[in-house]
Every structure is written in C-alpha cells, then in structure tokens.
Amino acid sequence: MLAPIAGSRRDGKSSFRTLTRYLTEGRDPVTDEIVERGEHLLSDNLLSRETAAAEMRAVGFENPRVTDPVYHYQLCWRPGERPSRAQWEEAARKTIQDLGFGEHQFLVVAHDDREHFHVHVLINRIHPETYKAHYPAFSKRELDKSLREIEHKQGWQHSPGLYRWDAQLGRAVKNSREDMAAYRERGSRPDVGRVAQKLEHFQDVDGWPAERAPAVAAARAVANPVQTC
C-alpha cells in the first residue's frame, strides 16, 4: 500500500467545493450526464455528502489565518487487491486517527475505476469546535507506519517503506538507513510503486473567494440549519 499526500496549491489556497465535486461526481460515458462517483464515508460531524463542502468551508472561515485548510491524501492498494467496504473504511479511519484528525470533519471517497483500488481522504485542518489548525508532524512517517499495520491486520502483501512489519515483535518498526539502502540496492519496490507514477491527480483550481461575507453566510446557513418543531 501507498499513501501519497497531495501537495498544497502554489498560491497557498484551496477549495473544499472543487475537490469534493471532483471526488464524488463523474460523467456517464454513454449519456454524458453527471453521475455520483464512488462510495463515500462521512465523519459524524458532517450532515451529508451534498453539504459536506459547505460545512467544512463554514468551519474554515472561523480561522481566517489559515488559507489552506484542505488536507488530502490517498490510500492505494496494489493492483488486484480489492478491499471490502468494511476494510477500506477501517483503513481510512485508522489513518485519520493516527494523524491526529479524529475529531475533525472528513470525507472519504473510494474509487475502483483504475488499475488499483484507492480511496481519497479529504480532511478539514480546522477543528470544528476549537477552530485551531492541525498540522501533523512527520505525516509521511506516520502514514507509512499505519500502512504496515493495516497490511498485517487485513492480510495484504507488505510493501517496503519507512517501516516494516516485524513478526517477532508483532509490530511495525522503523527501518534503519542500512535497511533502506539494502532496499535500494535490491531494487525492491512495491508493484504499486509503478502505479504511483500514474496516480489519479487532482489540480485544485478554485480558491477562496475574495469577498468572504456572502460565502460565509451561505456556508453557515447550510452547516447550521434552523431547527423547527
């Protein structure tokens, strides 16, 4: 398994709306109509897939110092590996928790329309209650450790990386520099590494609006609907 993390936009801005639309919508090859794409999983603090982007934007607006609140990565299985819904949900939730985003808003979308099964994990860096931004320390290392644990628990073929599964210790252990050098000398790369060159790429093109007030009001209205008896 691999877990590539999407890079930030050059202008330091991001869009929940554009990314959510890209992940959840596609075009029917026959009718060219917009259709729902992939299965999805929402955090408990989001109301629906349709309102998720607006809800996350509403929370993001509460911390104007952060111009790039979108945190986006993928979990990629090897070609031929097809996790069940329970398995990919478990994997996504584990990585979210391990990165320290357990209480944050998130949307997970599974795509099975490529050579390799993969899920996109879209997270709001801004905490929905404290409005503090979270930037995971050593995120690549933490994700790699999580992948080795997922591979062991779910029975997937192990991939070489920053961590390896130690059967005697019964846990993932960090590879030494010598271990990593040995991997390179053997040319030991996971099959999915080749596919990583063709990973589904998303170019975020829609930034935060220049005039914030109307968007803030609209987003908050969706995120906090008036309750009626």
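Helix 3 (residues 85-98) and helix 4 (residues 139-154) pack with their axes 10 Å apart and at an angle of about 150 degrees. Because angles over 145 degrees count as roughly antiparallel, helix 3 is roughly antiparallel to helix 4. The model is predicted. Its protein chain comes to seven helices and eight strands. Of the 229 residues, 47% count as buried. Among contacts between residues at least 6 apart in sequence, 70% join residues at least 24 apart.

**Helix 3 against helix 4**

- The crossing of these two helices, helix 3 and helix 4, is right-handed.
- Helix 3 contributes Gln87, Glu90, Ala91, Lys94, Thr95 and Asp98 to the contact, and these meet Glu142, Leu143, Ser146, Glu149, Ile150, Lys153 and Gln154 of helix 4.
- By class, the contact of helix 3 with helix 4 holds six charged, four polar and three nonpolar residues.

**Lysine 94, in helix 3**

- Lysine 94 lies in helix 3 and touches Ser146, Glu149 and Ile150, when residues up to four places away in sequence are not counted.
- Lysine 94 and glutamate 149 are 55 residues apart along the chain, and their C-alpha atoms are separated by 9.6 Å.
- Lysine 94 has 26% relative accessibility and therefore counts as partly exposed, the class between the buried limit of 20% and the exposed limit of 50%.

**Aspartate 144, in helix 4**

- Aspartate 144 also has its place in a helix, namely helix 4.
- The relative accessibility of aspartate 144 is 13%, so this residue counts as buried; the cut-off for buried is under 20%.
- Leaving aside neighbours within four places in sequence, aspartate 144 is in contact with Gly161, Leu162 and Tyr163.
- Alanine 172 is 28 residues from aspartate 144 in sequence, and the two are 9.4 Å apart in space, C-alpha to C-alpha.

- Four strands form an open sheet in the order 3-5-6-4, with antiparallel pairing.
- Strand 3 and strand 4 (70-76) stand at the edges with a single partner strand each, so one side of each has no neighbour in the sheet.
- From one strand to the next, the twist averages 15 degrees.
- Helix 1 (residues 16-24) packs on the sheet and touches strand 4, strand 5 and strand 6; the direction of helix 1 makes about 160 degrees with that of strand 6.
- Helix 2 (residues 49-61) also packs on the sheet, where it touches strand 3 and strand 6; the direction of helix 2 makes about 35 degrees with that of strand 6.

- Strand 5 (residues 106-111) is mostly covered, with six of its six residues buried.
- In a regular strand the side chains alternate between the two faces of the sheet.
- In strand 5 both faces are covered: Phe106, Val108 and Ala110 are buried on one side, and Leu107, Val109 and His111 are buried on the other.
- On one flank, strand 5 pairs with strand 3 (residues 39-42) in the antiparallel sense over four bridges.
- Within that pairing, leucine 41 has valine 108 of strand 5 as its bridge partner.
- Strand 5 also runs antiparallel to strand 6 (residues 118-124), to which six bridges join it.
- Phenylalanine 106 stands opposite isoleucine 123 in strand 6, and histidine 111 has histidine 118 of strand 6 as its bridge partner.
- Strand 5 and strand 6 form a hairpin, with six residues between them.

**Helix 1 against helix 2**

- Helix 1 and helix 2 pack at an angle of about 160 degrees, and their axes are 9 Å apart.
- That angle makes helix 1 roughly antiparallel to helix 2.
- Helix 1 passes helix 2 in a right-handed crossing.
- Phe16, Arg17, Thr20 and Thr24 of helix 1 make the contact with Arg49, Ala53, Met56 and Arg57 of helix 2.
- The residues of the contact of helix 1 with helix 2 divide into three charged, three nonpolar and two polar.

Key: Residues are numbered from 1 along each chain as its sequence is written. This is a predicted model: local features need pLDDT of at least 70, side-chain atom pairs count only at pLDDT 80 or more; totals for chains, interfaces and linings use all residues. Side-chain values use heavy atoms; hydrogens and water are left out. Buried means under 20% relative accessible area, exposed over 50%, partly exposed in between (1.4 Å probe, protein chains only). Two strands pair if DSSP finds at least two bridges between them. Axes are lines fitted to C-alpha atoms, for helices over the stretch in contact, and angles run from 0 to 180 degrees between N-to-C directions. Angles under 35 degrees count as roughly parallel, over 145 as roughly antiparallel, 65 to 115 as roughly perpendicular and the rest as oblique. A crossing is left-handed if the near helix is turned anticlockwise from the far one by less than a right angle, and right-handed if clockwise. Contact means heavy atoms within 4.5 Å. Ala, Val, Leu, Ile, Met, Phe, Trp, Tyr, Cys and Pro count as nonpolar, Asp, Glu, Lys and Arg as charged, and the others, Gly among them, as polar.
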